[in-house]
Amino acid sequence: MSDKRHELRYQRRKARREAKRIAAVGMCDNFERVANADSLCHAFKKSKKGVSWKCSVQRYEASLLPNVYEAKRKLLAGEDVRKGFVEFDVNERGKIRHIKSVHISERVIQKSLCMETLVPILKYSLVYDNGASIKGKGVGFSLRRLTAHLRRFYRENGNSNEGYALLIDFKDYFGSINHEALYHVLEKQIKDERVLALTKSFISAFGPVKSLGLGSEVSQICALAFPSVIDHYIKEVWRMKYFARHNDDIYIIHTSKEKLKLLLSDIRSMCSEIGITLSEKKTRIVKLSQGVCYLKGKYILTKSRKIIRLSRGKGLIYERRKLKKFCKKLSDGKMTMNDVRTSYQSWRGGFKKRFDCYNKLKKMDKLYNELFIYDHTLVSA
């Protein structure tokens with residue numbers, strides 16, 4: 001009798017959640033919200049943050065109202081609003097990434113599409129521990145969840161030597177997403193045909209069959225929601241409490257290594273069905289006492305419940321090189337001391353907040369003071 005009451009209560013709660021989701025999504029699943037002039041103006045204000053110095057952005061802003069109404073006219077007329085890409089490579093911590101940046105006029109429309117429809121609709125399909133590209137979440141949120149999961153695991157099990165972590169990474173994630181499989185995911189949640197057609201047009205610009213490009217907000221949101229079925233499978237079928245995903249990085253913590261092996265086999269099968277390939281080099285099962293490598297850090301749960309946060313990768317090496325380059329640019333007059341100080345303090349603050357790094361920061365401060373000996377505003381570790 002008790003089980004029956006629990007099931008009925010669960011069904012009532014599920015029905016209320018579904019009704020709330022339909023009410024919220026129904027308001028957002030509307031093409032008129034995307035093409036609204038106020039939405040486009042607001043989207044431009046968001047889009048210009050960090051790039052307002054560019055000539056193309058300044059030209060667009062100089063004729064903002066005509067540009068907004070032209071965008072609205074094209075959207076309502078069903079015309080193609082794509083402008084092509086500006087392609088270039090960036091070196092991100094030693095890894096070359098090919099960027100396909102969109103024109104400001106297209107970026108404004110993509111921003112409006114994401115803010116008014118895609119994010120409000122797709123976020124309801126995401127598990128709570130999916131920590132990327134959603135307002136209020138991000139790298140800091142994902143790392144806080146990892147810390148919380150490690151502490152809860154210790155409270156339940158009492159010994160870090162009895163726990164294991166399954167670490168999963170997708171290989172060439174953005175480049176391997178199949179368009180047809182992604183369209184199937186979008187069609188199940190987006191009912192407005194014009195919203196769906198506009199989203200598909202931005203996706204198809206990256207190629208006829210597969211691939212999403214870096215530099216497009218629509219790509220970022222779609223890549224976040226694409227493997228959501230795997231997240232729900234891990235949470236709802238396998239009942240894994242200590243799990244999170246940040247884009248293509250996943251961790252799952254459990255006491256049984258054999259159970260994690262079986263789960264990994266299921267995840268491989270699901271990834272194969274939707275066209276995602278796992279990185280064999282980065283996908284592995286490790287003991288918690290050896291540390292969980294996640295988002296450029298290594299987090300070790302000790303026998304005393306303490307969590308040691310170590311930096312991983314070549315972030316310190318690249319920062320040292322950057323400071324030496326700044327020193328040369330400063331002497332050549334290409335940078336000001338304020339620019340150098342702002343850059344270093346920004347990196348330093350983030351590094352200090354994320355890792356246990358007192359000694360490493362002291363060494364970096366020493367290098368900074370040697371290179372820029374006349375700057376006395378740096379706050380020491």
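Visitor: What links Tyr344, Trp347, Phe351, Phe355, Tyr368 and Phe372 into a cluster?

Guide: Ring pairs do. Rings of Phe, Tyr and Trp (its six-membered ring) pair if their centres lie within 6.5 Å; planes under 30 degrees apart count as stacked, over 60 as edge-to-face and the rest as tilted.

Visitor: What kind of model is this, and which pLDDT is needed?

Guide: It is a predicted model: local features need pLDDT of at least 70, side-chain atom pairs count only at pLDDT 80 or more, and totals for chains, interfaces and linings use all residues. Residues are numbered from 1 along each chain as its sequence is written, and side-chain values use heavy atoms, without hydrogens and water.

Visitor: How many aromatic pairs does the ring rule give?

Guide: The count is twelve aromatic pairs. One of them is Phe85 with Phe206.

Visitor: What makes the pair of Phe85 and Phe206 stacked?

Guide: The planes stand at 25°, and the limit for stacking is under 30 degrees. The centres are 4.9 Å apart. So the pair is stacked. Phe85 lies in strand E1 (residues 85-92) and Phe206 in the loop between H10 and helix H11 (217-225), 121 residues apart.

Visitor: Is Phe206 called buried or exposed, and why?

Guide: Buried means under 20% relative accessible area, exposed over 50%, partly exposed in between (1.4 Å probe, protein chains only). Phe206 has 8%, so it is buried. Phe85 has 26%, so it is partly exposed.

Visitor: Why is the pair of Tyr128 and Phe141 called edge-to-face?

Guide: The planes stand at 80°, so the pair is edge-to-face. The ring centres are 5.4 Å apart. Tyr128 lies in the loop between H6 and H7, and Phe141 in helix H7, so the pair ties together parts 13 residues apart in sequence. Tyr128 counts as exposed at 53%. Phe141 counts as buried at 9%.

Visitor: What makes Arg73 and Glu70 a salt bridge?

Guide: A salt bridge is a side-chain nitrogen of Lys or Arg within 4 Å of a carboxyl oxygen of Asp or Glu. Here the N to O distance is 2.8 Å. The pair therefore qualifies. The two residues are three apart in helix H5 (residues 64-77), about one helical turn. An α-helix has 3.6 residues a turn, so residues three or four places apart point the same way. Arg73, at 39%, is partly exposed. Glu70, at 33%, is partly exposed.

Visitor: Which residues are linked with Arg73 in a network of salt bridges?

Guide: Glu70 and Glu79 are. A search of the whole structure finds 18 salt bridges.

Visitor: What makes Lys200 and Glu187 a salt bridge?

Guide: The N to O distance is 2.7 Å, so the pair meets the rule. Lys200 lies in helix H10 (residues 193-204) and Glu187 in helix H9 (residues 179-189), so parts 13 residues apart in sequence are tied together. Lys200, at 23%, is partly exposed. Glu187, at 36%, is partly exposed.

Visitor: Where do Glu280 and Arg268 meet the rule, and at what distance?

Guide: Their side chains meet in a salt bridge at 2.7 Å, N to O. Glu280 is in the loop between helix H13 (257-274) and strand E6 (284-287), while Arg268 is in helix H13, twelve residues away. Glu280 has 52%, so it counts as exposed. Arg268 has 32%, so it counts as partly exposed.

Visitor: Why is H6 called largely enclosed by the rest of the structure?

Guide: Because 17 of its 19 residues are buried. Helices (H or I, at least four residues) and strands (E, at least two) are DSSP runs, numbered from the N terminus. H6 covers residues 104-122 and has a kink of about 50°, centred on Cys114. The bend at a residue is the angle between axes fitted to the seven residues ending there and the seven starting there.

Visitor: How do you know that E7 and strand E8 pair?

Guide: Two strands pair if DSSP finds at least two bridges between them. Three bridges join E7 to E8 (residues 297-301), and the strands run antiparallel. Therefore they pair. Cys293 stands opposite Lys298 in E8.

Visitor: What is the order of the three strands in the open sheet?

Guide: The order is E7-E8-E9, with antiparallel pairing. E7 (292-294) and E9 (307-311) stand at the edges, each with a single partner strand, so one side of each has no neighbour in the sheet. The twist averages 25° from one strand to the next.

Conventions
Axes fitted to C-alpha atoms, helices over the stretch in contact; angles between N-to-C directions.
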